[in-house]
Protein chains: 4
Amino acid sequence: LPEPIPVAVVGASGYTGAELVRLLLSHAGVRIAAVTAGKRAGEKLHDVFPQFRGLCDAALEAVDAQALARRARVAFLALPHGESAALARDLLADGLLVLDLSADLRLHDAAEHQQWYGQDAAPELRARAVYGLPELHRDRLRDACLVAVPGCYPTATLLALAPLVRGGLISTEGLVVDAKSGVSGAGRNPAPHTHYPEAAEGVRAYGVAGHRHTPEIEQELSEIASRPVRVTFTPHLLPMNRGMLATCYGRANAPAEKLRAALLEAYRDERFVEVAERPPDSAHLRGSNRAHVFATVDARTGQAVAMAAIDNLVKGASGQAVQCMNLALGFPEDEGLRGAGVFP
Amino acid sequence: LPEPIPVAVVGASGYTGAELVRLLLSHAGVRIAAVTAGKRAGEKLHDVFPQFRGLCDAALEAVDAQALARRARVAFLALPHGESAALARDLLADGLLVLDLSADLRLHDAAEHQQWYGQDAAPELRARAVYGLPELHRDRLRDACLVAVPGCYPTATLLALAPLVRGGLISTEGLVVDAKSGVSGAGRNPAPHTHYPEAAEGVRAYGVAGHRHTPEIEQELSEIASRPVRVTFTPHLLPMNRGMLATCYGRANAPAEKLRAALLEAYRDERFVEVAERPPDSAHLRGSNRAHVFATVDARTGQAVAMAAIDNLVKGASGQAVQCMNLALGFPEDEGLRGAGVFP
Amino acid sequence: LPEPIPVAVVGASGYTGAELVRLLLSHAGVRIAAVTAGKRAGEKLHDVFPQFRGLCDAALEAVDAQALARRARVAFLALPHGESAALARDLLADGLLVLDLSADLRLHDAAEHQQWYGQDAAPELRARAVYGLPELHRDRLRDACLVAVPGCYPTATLLALAPLVRGGLISTEGLVVDAKSGVSGAGRNPAPHTHYPEAAEGVRAYGVAGHRHTPEIEQELSEIASRPVRVTFTPHLLPMNRGMLATCYGRANAPAEKLRAALLEAYRDERFVEVAERPPDSAHLRGSNRAHVFATVDARTGQAVAMAAIDNLVKGASGQAVQCMNLALGFPEDEGLRGAGVFP
Amino acid sequence: LPEPIPVAVVGASGYTGAELVRLLLSHAGVRIAAVTAGKRAGEKLHDVFPQFRGLCDAALEAVDAQALARRARVAFLALPHGESAALARDLLADGLLVLDLSADLRLHDAAEHQQWYGQDAAPELRARAVYGLPELHRDRLRDACLVAVPGCYPTATLLALAPLVRGGLISTEGLVVDAKSGVSGAGRNPAPHTHYPEAAEGVRAYGVAGHRHTPEIEQELSEIASRPVRVTFTPHLLPMNRGMLATCYGRANAPAEKLRAALLEAYRDERFVEVAERPPDSAHLRGSNRAHVFATVDARTGQAVAMAAIDNLVKGASGQAVQCMNLALGFPEDEGLRGAGVFP
């Protein structure tokens, strides 16, 4: 057997970091060579995340690009946006494959990035980064050395809409994306709106007409449509840990069966995307890298309704990052990602 | 003090029936004269709903129109659709005020009713029934003797959209309503999709392009707009007991401040509707008859986004029924309905 | 009608404060004259708790004992322990009825207080405070001017055990209390263990062999038993907003029917305590000041099993405080507290 | 590589059946040769459990012992009690390794079985069955051909108590087990008490002084103690999908550090049991075959408090069954069971 490749998880005290560790522990081709954290550096990972007791004895280290470069050939950056670009630059220079889960490198257009994020730590890197949605950019990911792993909302939205936009089956004027997410998407830092008694037993929208995942969705749909596409994107916070559902609306240019056929055609050879006969339930994807997509047309109104359900922490973040690594390193695309959803 | 008016709750073994009892117990002008049930007739109400132990000693009776007519002057019918029309006819003939929480009498148009419900037990009653949304039809409710209490989804949707449609501030072409509901809306009968492990920790759409609340929404919006209005309506089931949020989308004909002003103007004198500055959270309405509405415009796309949050069992059903009774009998409109939301 | 009595809610930006406001708004004999907060002073209460929009227009004020004394005749102190004793002293001196929801004044014994809380801001006040569990100390509450409102765990535990200990039906050696609480009991300040993704979908004990509610339970049981009683008390955090269940174990000195009879006898004339035939469900008490108690004996092992379910924020805190006020001021004991549980 | 061993999952339309499939799909040494169901025979497994779309294309078959015996060498029986013994007999006769997840074969004593289950389909089989808790009976499992997989509550309870009872560190008189379970333990058939609105946001005990898992716990503890041991066992239903916590109480015969040392010693070489420094949280075990145990002594009262947290569907059922199969067939004990808990 070949030697397992050493990988580093930067930001392992957060939820996407922990999810990377969980998935990588089951990956036959890699070993976890380093896990890092900020404030909790010095602690054992399993003290910060007790699910790893007996499975991973690593201690969290402070981030040190040189040390990482010596010990790892791959680095996953699970950091807040604004914090990963500089580190990515250093690690790239040392020849590592870098998979950045932040938003720093996702937008190709510098002005767009500036407008939505108000800073730009790494304009030159952005040009080199491949947008890590394998179902759209598999070929470019095969020799990528820098991957901008998509956000959870764009992943779900694009899996639902991309085949319909590509086939001209849905109007790109007036697209509406109404998305629903579990609370883990907000990260591990306690905040008023994610305090259990505030988040349980209620639903609310947030980031209305201004959520930062909007330009990612538009960038990819525009590229597919070969013209500028705008979407009205409204995320909602739901009382559940994991899970995401994007419900997408737009004027249909074809009947339901054509939309469904387009999804089936697009995903026929995809390992992780299933076309469902009924509206998908995010619960069936919990803990898994898979997506369930669905499309129909409301014949009375002429509106297409397309949906995708994922686990926001897996296909919406860490699982997708591992999938991208698999492509870049030539592993089977589903290595470390074969687990079925943990239902119920 | 005047003698309290005797009221009957028909279907008190279900959730909307129990909610009627809870609200009516706090109503200064009525007393509960009878509670009925089907299979559980003969049991004490507080054995079926232990929250009433010590508060209501009534026994559930089998339904008997004549017995009810002798003992009550008001009847709330919390029955499945198809079961209430015949009873309503008898009780009306005996001079009772009837508030029907089923869908039997909501649609004015017989063909529409036939198409969506496939039967029609009481075409002649439907013409007499007032659609019980006080914020739209208060005057007609003041002397009503038969009220068709709206569905939960139409209530939330109409509270969000009516002022905007009335003012021409949103296009009536291409309206999309993406609604989210707690599980109590599905009633008390156990079913696979409402089994705890299936409903918890997940979200899914249902009734896509065919939910029976659609024609109610369209009927009322069409009346306001004075032309036929169609909506694409997609309800979603969320892992929470109570609570409903309708997120509505349509092309804006005016900037955000105009939409907001229209809501403020429409609801200035309304006791139960508040215009929120931020997207409302259904958790704040739990157990209350109030609604929180909100509207804005996504300036990038020109789409209006309007929302209303309610408790599906209160403003979406039983509370609204009590509100209608208050209007019909001349009680203060908020009698029995003054409770604030039980949060958290 | 007599003029409503002006009351102040000190600490109205927390959950017990908000619950006081909710209950007091429905109280016919009082009006809310002031609401205070710390960091959020200056904001409208309904901006901090949107459930009060349209129902309470008060602005949160900074705490000022003199200002409160001028405007209110009753003060509810919903403050963290250590913060209320000094204020209570001032308000008492000005003749107000003070109901303290903190732990500052609950323990009669100064050494006990010192041992568990490590400070003692008001030893002289503690002697004057009546322990506000009406089912145990109703007579003393009738002319109280200072009430130490019990903790939620002691309330549930004492309602289950007091009649059994009083009747000698359960051994006071080896008492075990295994208690379960919703997350709202932890207050409104976000913390890691109450972050939604950490608290949802799991259960854990905390404060094992050292929770500060232990000495309260022991104080009251010792007083009833006329000898020192110790309990092994283990609270657990459950994934729900509200609700508390105390499951209590001890060697039975009599068969099940005797235990049940003792509960029935003890609570025959109590407005808020019901003896259930089956193990009670905390869900039925949500939002209500009521308690459901139950006792049986495991005939195989000779162990008594006694339970009480309450809403931790109502009978376990704010509702009980209002009940104490009603007794002290001569209102009907259930004024403002007649609401049935909001179920489901 | 050796040919994978064909295994059958009987009862794959229930939760433990589905969990077996999930785990066996990740097992390198077996392949799923048949999945059976009752009413849903004929459907695809992934239509009954959509989490398997794209991962398992098997169709559910009606149960047929001869057909199973021809195609499989191992059978997991995930059937209601009373239904598996006869099938087990046939499959055993055909030489299959049988792992029975029902209660039919767990109790060694026929009279005990009769008393708690009121029937006895297979007295002769019970003598041959090994109680499948590897941490207690590993050696006997190595050459077992019939395994009675323990119940979820006994698993958690015995992992917490066995080392303490074995070491004489806890009195076997007056043992109390207060257990908490997620709703998935009740199976997949909808019922009133597991209807989402009834089970969410509340906690209640059930089966007080009479739950059928009691004699299993007593059988194993009695064997360890070499004298009859009785436990007072009270299970509680909690609003969560998965997860179980057993909190166990008994008079301590030694200080806390001795209890902790006994746990550490007992589980030093165990792959699936970790001794935690703090009370364990069931959330960390979700989806995993691991257990976290903890023990301390309340020095004030002399009571030992011992806990174990597991996932009721994994270590409490299907994972443990796979672990037993691994032992019986000589696979690495953790094959198919290496996954960390899916947290959050």
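Q: What is a salt bridge here?
A: A salt bridge is a side-chain nitrogen of Lys or Arg that lies within 4 Å of a carboxyl oxygen of Asp or Glu. Side chains of opposite charge can pair when their charged atoms come close.

Q: And how many salt bridges does the structure hold?
A: Over all chains, 108 salt bridges are found. Please bear in mind that this is a predicted model.

Q: Let's look at one. Which residue does E277(A) meet in a salt bridge?
A: The side chain of E277(A) meets that of R260(A), with 3.8 Å from N to O. The two residues are 17 apart and link distant parts of the chain. E277(A) sits in the loop between β12 (273–275) and β13 (291–298) of chain A, whereas R260(A) belongs to helix α11 (residues 256–267) of that chain.

Q: Are these two buried, partly exposed or exposed?
A: E277(A) is partly exposed, since its relative accessible area is 44%. R260(A) is also partly exposed, with a relative accessible area of 26%.

Q: Which pair crosses between chains?
A: The pair of E274(A) and R53(D) does so. Their closest N and O atoms are 3.8 Å apart. E274(A) lies in strand β12 of chain A, and R53(D) lies in the loop between α2 (45–48) and β3 (60–61) of chain D.

Q: Buried or exposed, those two?
A: E274(A) and R53(D) are both buried.

Q: What about R230(B), what does it pair with?
A: R230(B) forms a salt bridge with E218(B), and the closest N and O atoms are 3.3 Å apart. This pair also links distant parts of the chain, its members being twelve residues apart. R230(B) is in the loop between α10 (214–225) and β10 (231–237) of chain B, while E218(B) is in helix α10 of chain B.

Q: Why does E218(B) count as buried?
A: E218(B) counts as buried because its relative accessibility is 3%, and buried means under 20%. R230(B), at 41%, counts as partly exposed.

Q: New topic: helices. At what angle do α7 and α12 of chain D cross?
A: Helix α7 (residues 134–142) and helix α12 (residues 314–329) of chain D cross at roughly 35°, and their axes come within 9 Å. The crossing is right-handed.

Q: Which residues make that contact?
A: From α7(D) they are P134(D), E135(D), R138(D), L141(D) and R142(D). From α12(D) they are K315(D), Q320(D), Q323(D), C324(D), L327(D) and A328(D). By class, the contact has five nonpolar, two polar and four charged residues.

Q: Now the chains. What rotation superposes chain C on chain A?
A: A rotation of 180° does, with 0.0 Å of shift along its axis and an RMSD of 0.0 Å. That is the relation of a two-fold axis. Both copies use the same surface, as 100% of the contact residues of chain C recur in chain A.

Q: Which residue of chain C comes closest to that axis?
A: Y196(C) does, with its C-alpha at 2.1 Å from the rotation axis.

Q: And what superposes chain B on chain A?
A: A rotation of 180° with 0.0 Å of shift along its axis superposes chain B on chain A, with an RMSD of 0.0 Å. In chain B, the C-alpha nearest the axis belongs to P239(B), at 3.2 Å. Here too the same surface serves both copies, since 100% of the contact residues of chain B recur in chain A.

Technical notes:
Residues numbered from 1 in each chain as written. Chains lettered and ligands numbered in written order. Predicted model: local features only at pLDDT ≥ 70, side-chain atom pairs only at ≥ 80, totals over all residues. Heavy atoms only, no water. Least-squares fit on C-alpha atoms with pLDDT ≥ 70 in both. Contact = heavy atoms within 4.5 Å. Axes fitted to C-alpha atoms, helices over the stretch in contact; angles between N-to-C directions. Helix = DSSP H or I, 4+ residues; strand = E, 2+ residues; numbered from the N terminus. Left-handed = near helix turned anticlockwise from the far one by under 90°. Nonpolar A, V, L, I, M, F, W, Y, C, P; charged D, E, K, R; others polar. Buried < 20%, exposed > 50% of the residue type's maximum accessible area, 1.4 Å probe, protein only.
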